Amino acid sequence: MAIAVCKSNCTGSRPPGRGLWKRAVAALALSSAAAGALAADFPQRSIQLILSFPPGGATDVLARELSQKLGDTLGQSVVVLNRPGAGGLIGMQAAARSEADGYTLYISSVMSNSIYEALNGKQQVSLDGDFDAVGAIASAPHILVTPSRLGIKDYASLVSYLKAAPGKYNYASMGAGTLSNLEGEIFKEQARVDALQIPYKGSSQALPEVISGASVFMFDSVTSSLPHKQGGRIDVLGVASAKRLPVMPEVPTLKELGVQGLEAENLFALMAPKGTPKDRLDIVAGALAKAQDDAAFRKAIEAQGFQVSEIPGAALPRFILDQQAFWRDKVKALNITAGK
């Protein structure tokens with residue numbers, strides 16, 4: 001916007017509105033100075049990092065590794081608060097209802113949140129409506145596993161095994177309506193095979209059934225399955241990710257094997273309550289980027305099956321919306337409902 005300025009050869013009275021413009025420019029300068037001071041003063045106390053998962057799991061490890069690095073950069077402690085339950089809603093609600101001042105952050109499992117919403121409808125709180133995106137942290141793809149005792153060593157052999165006896169075999173999942181369940185159904189659709197889902201209450205209950213041979217396959221997290229792979233109890237046939245994992249580089253991606261629609265990388269993102277000042281979001285985003293560049297941080301989370309995200313922070317809101325749309329369409333196409 002142009003501002004009229006009276007030169008030395010101007011005649012007549014002072015241009016109308018000049019005093020108003022001066023006050024506006026001064027106010028803008030004061031506002032910018034205040035914003036800079038606000039950013040410089042942040043943070044002045046500890047930050048809480050809310051997580052919708054219980055202590056001890058892979059996501060908890062990710063949160064605690066990240067909290068340490070963020071705290072080192074920000075100069076304040078970052079305390080992890082575990083708020084599991086209700087498909088992640090308890091933690092999400094606690095974070096969304098916190099004051100939007102930068103002192104409460106939330107680690108979202110974008111895919112899990114999107115699947116829950118696809119199955120249960122729009123909730124009281126949502127990632128796209130109640131949070132501002134700080135940045136993508138890391139992704140944790142699932143892997144396709146089979147019992148070693150069956151001697152199925154590759155994807156094609158699994159498909160042949162199932163096609164030889166349609167409807168005879170089971171597959172295990174972490175529960176009805178979970179990512180593990182949806183991956184199993186997408187696999188069946190892609191491979192044109194028939195197998196019955198047996199839902200369990202989490203990986204810890206499902207994996208023993210796979211190891212025993214009661215279930216022929218399962219999509220599971222790297223963290224849960226890796227010790228059993230190393231112990232020779234299960235075989236890993238493929239990874240549902242864009243590229244191979246450093247922790248098991250010999251295992252091909254499902255995309256390499258010709259499988260489409262199963263690139264299911266569960267992205268974990270750092271969010272803040274809606275309305276958090278942008279300068280504070282930028283400070284936290286800078287601390288996140290520094291953590292992601294830290295070799296010790298990368299090594300620690302890769303050991304848990306995570307990969308540092310390559311999604312730019314500015315692209316995260318669009319990614320969240322795309323995930324919500326993708327899983328709504330998949331749930332509808334596969335005719336899956338909550339609890340089934």
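Modeller: Start with a cut-off: two residues are in contact when heavy atoms lie within 4.5 Å. The model here is predicted.

Biologist: What covers the buried residues of H4?

Modeller: The cover includes helix H3 (89-96), E3, helix H5 (127-130), H7, E9 and H12. The residues of H4 that are buried are Val110, Met111, Asn113, Ser114, Ile115, Glu117, Ala118 and Leu119. Because eight of its eleven residues are buried, H4 is largely enclosed by the rest of the structure. After H4 comes Gly121, with a positive phi near 85°.

Biologist: Which residues are buried in H9?

Modeller: Val222, Ser225 and Leu226 are the buried ones in H9. They fall within an arc of 115° when seen down the axis of H9, so they line one face of the helix. Their cover includes E4, helix H8 (203-212), E7 and strand E8 (234-239). Gly232 follows H9, and its phi is positive, near 75°.

Biologist: How should I read a nonpolar core, and which residues have the most contacts inside the largest one?

Modeller: In soluble globular proteins, nonpolar side chains tend to be buried together. Here the largest nonpolar core has 33 residues, and Leu158, Phe187 and Phe217 have the most contacts inside it. At least two residues of this core come from each of helix H4 (110-120), helix H6 (155-163), helix H7 (179-191), strand E7 (217-221) and helix H12 (316-333). H7 supplies the largest share, five residues.

Biologist: With which residues is Leu158 in contact, leaving aside its neighbours within four places in sequence?

Modeller: Leu158 then touches Leu144, Thr146, Ile152, Phe187, Val216, Phe217 and Leu237. Another core, of 31 residues, lies apart from the largest one; Ile47, Val78, Ala138 and Ala291 are among its members.

Biologist: Now the pockets. How much space lies in the largest pocket?

Modeller: Rolling a probe the size of a water molecule over the atoms shows where empty space is left. In this model the largest pocket holds about 1,000 Å³ of space. It is lined by 42 residues, and those nearest its centre are Phe53, Thr59, Ser112, Met174 and Asn266. Two or more lining residues come from each of helix H2 (58-74), strand E3 (104-109), H4, strand E4 (131-147), H7, helix H9 (222-230) and strand E9 (265-273).

Biologist: Which element gives the most to that lining, and how does the lining divide by class?

Modeller: H4 gives the most, six residues. By class, the lining has 18 nonpolar residues, 23 polar and one charged.

Biologist: How much space lies in the second largest pocket?

Modeller: The second largest pocket has about 320 Å³ of space. It is lined by 16 residues, and Ser139, Ala242, Glu263, Glu265 and Ile311 are the closest to its centre. E9, strand E10 (307-308) and H12 each give at least two residues to this lining, with the largest share, four residues, coming from H12. The classes are eight nonpolar, four polar and four charged.

Biologist: One last residue. Where does Ala86 lie?

Modeller: Ala86 sits in the loop between strand E2 (78-82) and H3. Ala86 has 43%, so it is partly exposed. Ser52 is 34 residues from Ala86 along the chain, and their C-alpha atoms are separated by 9.1 Å.

Terms used: Residues are numbered from 1 along each chain as its sequence is written. This is a predicted model: local features need pLDDT of at least 70, side-chain atom pairs count only at pLDDT 80 or more; totals for chains, interfaces and linings use all residues. Side-chain values use heavy atoms; hydrogens and water are left out. A nonpolar core is a set of buried Ala, Val, Leu, Ile, Met, Phe, Trp, Tyr and Cys residues joined through side-chain atoms within 4.5 Å. Buried means under 20% relative accessible area, exposed over 50%, partly exposed in between (1.4 Å probe, protein chains only). On a 1 Å grid over the protein atoms alone, a cavity is a set of points where a 1.4 Å probe fits but cannot get out, and a pocket is an open set with protein on both sides within 12 Å along at least five of seven lines; lining residues have an atom within 4 Å of a point. Grid points are joined across faces, edges and corners, and a volume is the space filled by probe spheres set on the points. Ala, Val, Leu, Ile, Met, Phe, Trp, Tyr, Cys and Pro count as nonpolar, Asp, Glu, Lys and Arg as charged, and the others, Gly among them, as polar. The arc is that of the directions from the helix axis to the C-beta atoms.
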